[in-house]
Amino acid sequence: MAEGLDLLNNVELTTLVILDVYLAIDWYNQNMNFDGLEFLIVGSGFFGSVLAERVATVLGKKVIIVEKRGHIGGNSYSGLCSQTGIEEHLYGAHIFHTSNKRVWDYIRSFSDFTNYQHRVFTEYKSVIYPLPISLATINAFYKKQLRPYEVEAFMQNERANENIVNPTNLEEMAISLIGRPLYEAFIKGYTKKQWDKDPRFLPANIITRLPVRKNYNNNYFNDSYQGLPQNGYFKLFENILSNPKIEVKLNTNFFEIKEKIPSSCHIIFTGPIDQYFNYKFGALEWRGLRFVREVLNYEDFQGTAVMNYADELVPYTRIHEFRHFHPERVAPANKTLVVREYPQAWKVGEDPYYPMGTKENLDRYELYRREAASISNLHIGGRMGQYCYLDMDKTILLALELFDKIRVRYAT
Ligand SMILES: Cc1cc2nc3c(=O)[nH]c(=O)nc-3n(C[C@H](O)[C@H](O)[C@H](O)COP(=O)(O)OP(=O)(O)OC[C@H]3O[C@@H](n4cnc5c(N)ncnc54)[C@H](O)[C@@H]3O)c2cc1C
């Protein structure tokens, strides 16, 4: 276990402890023997892990997962902070929410979920408002006491002030949906920080709707099911990968073992699609993130799990306070863990977070997608493989659907 933690140190996860030894995970295997292997999966995020589980359980086949990081779970991974014992989501807060019954039933076969309901607040000019924009936000912002049945007429008036009929950029689109004052308070600065671009230079189609709730409901998601894995994402992933037919090789980069893979082997690749093809059509652009963590000597720093910062001059977009994600657990009385999220420029080789969905990038992606589709036994998927933002439930659904296709191929 100590050696395992050293491996984590190499990837700068010094503050995390791993609770369990992964029995099926081969940390140290240098003998990478892929002879006769039928399924190789690159990446142990939701896309790769769900496919590994299905192939091992339903087809009864051996699967090897190669994962370049020192832990399983991809960006959904969580660990325990060694200073506070609080569970921390390493790559930004991950709340599980879905309206898809197939996904919900599938994921709950590996873990119970808490009944955590996500609520987000935002600070703008030193005042705190609830998000998404609701009657509570509108009344606080405009200092009014509107009733639900008065909201639509009020918003129509706000929209009519500028009467934008054919929005040509994100700013115009947002104003046409919610009016200028709400746009300037809650969208403009945040969007500028997120993309490092003035919303006037971002395409209108980034947003198609900005829902305004006419009541005081401040549950962030509208989905039928929501919660967090009872024992953390790390335990959830351990359970998904617990089939002895699944072997996980951590700290293993696919591109270093690629030549050893038999040509008949199915490769399920969940890394960046442009990297798979050595960037032959050019690199797809992403936005990066930087997480700055701090243990503070308070029982409670901000009173809620996520506080957004809408002002452009505040350099981070949000602060996560992880103790609030598990109110059912005991957390220290005098310490809390907070993580500030800073959007940042990205370059090839760094962790990609949000795809920059410009027309040029999407056209480029299409070239890669076509190339991948022409290679039999190669399946490229997941958020980096499909170059799009995918929530966890959608990622799981896409993996289950890909497995449905693979299964049909195996049956014929
Ligand atoms: C800041 C942020 C917050 C989010 N919050 C939520 C949320 O609250 N709720 C929600 O539903 N979704 C959320 N998401 C989306 C969620 O992170 C994705 O749905 C999920 O990570 C997709 O899983 P994946 O398997 O496609 O990719 P990943 O989780 O990124 O897994 C891919 C894995 O492949 C590995 N890999 C890549 N290349 C190689 C290689 N060459 N060799 C070996 N291994 C390789 C990587 O190391 C990684 O572990 C959030 C995303 C972001 C950016």
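Let us start at the ligand: helix 12 gives the most to the shell around it, with three residues. Keep in mind that this is a predicted model.

**Around the ligand**

In total, 34 residues surround the ligand, and the closest are Glu-67, His-94, Ile-95, Leu-390 and Met-392. Sorted by class, the shell holds 16 nonpolar, 12 polar and six charged residues. Some polar atoms of the protein pair up with the ligand, as the table shows.

| Residue | Protein atom | Ligand atom | Distance |
|---|---|---|---|
| Glu-67 | polar side-chain atom | oxygen | 2.6 Å |
| His-94 | polar side-chain atom | oxygen | 2.6 Å |
| Phe-254 | polar backbone atom | nitrogen | 3.0 Å |

How much of the ligand's accessible area does the protein cover? On its own the ligand has 990 Å² of accessible area, and the protein covers 97% of that. Two or more residues of the shell come from each of these elements: helix 2 (46–59), helix 9 (254–257), helix 12 (382–385) and helix 13 (392–411).

**A look at helix 5**

Now for another part of the model. Helix 5 spans residues 148–160, and its buried residues include Val-151, Phe-154, Met-155 and Glu-158. These four sit on the same side of helix 5, because they cover an arc of only 100° around the axis.

What do the buried residues of helix 5 pack against? Their partners are helix 4 (135–142), helix 6 (170–178) and helix 7 (180–195). On the face turned away from the buried side, helix 5 carries the exposed residues Tyr-149, Ala-153 and Asn-157.

Methods. Residues are numbered from 1 along each chain as its sequence is written. This is a predicted model: local features need pLDDT of at least 70, side-chain atom pairs count only at pLDDT 80 or more; totals for chains, interfaces and linings use all residues. Side-chain values use heavy atoms; hydrogens and water are left out. A residue is near a molecule or strand if one of its heavy atoms lies within 4 Å of it. A polar contact is a pair of N or O atoms within 3.5 Å; within protein, one must be able to donate a hydrogen and the other to accept it, and residues adjacent in sequence count only if both atoms are side-chain atoms. Accessible areas come from the Shrake-Rupley method with a 1.4 Å probe; for residues, only the protein chains shown count as cover. Ala, Val, Leu, Ile, Met, Phe, Trp, Tyr, Cys and Pro count as nonpolar, Asp, Glu, Lys and Arg as charged, and the others, Gly among them, as polar. Buried means under 20% relative accessible area, exposed over 50%, partly exposed in between (1.4 Å probe, protein chains only). The arc is that of the directions from the helix axis to the C-beta atoms. Contact means heavy atoms within 4.5 Å.
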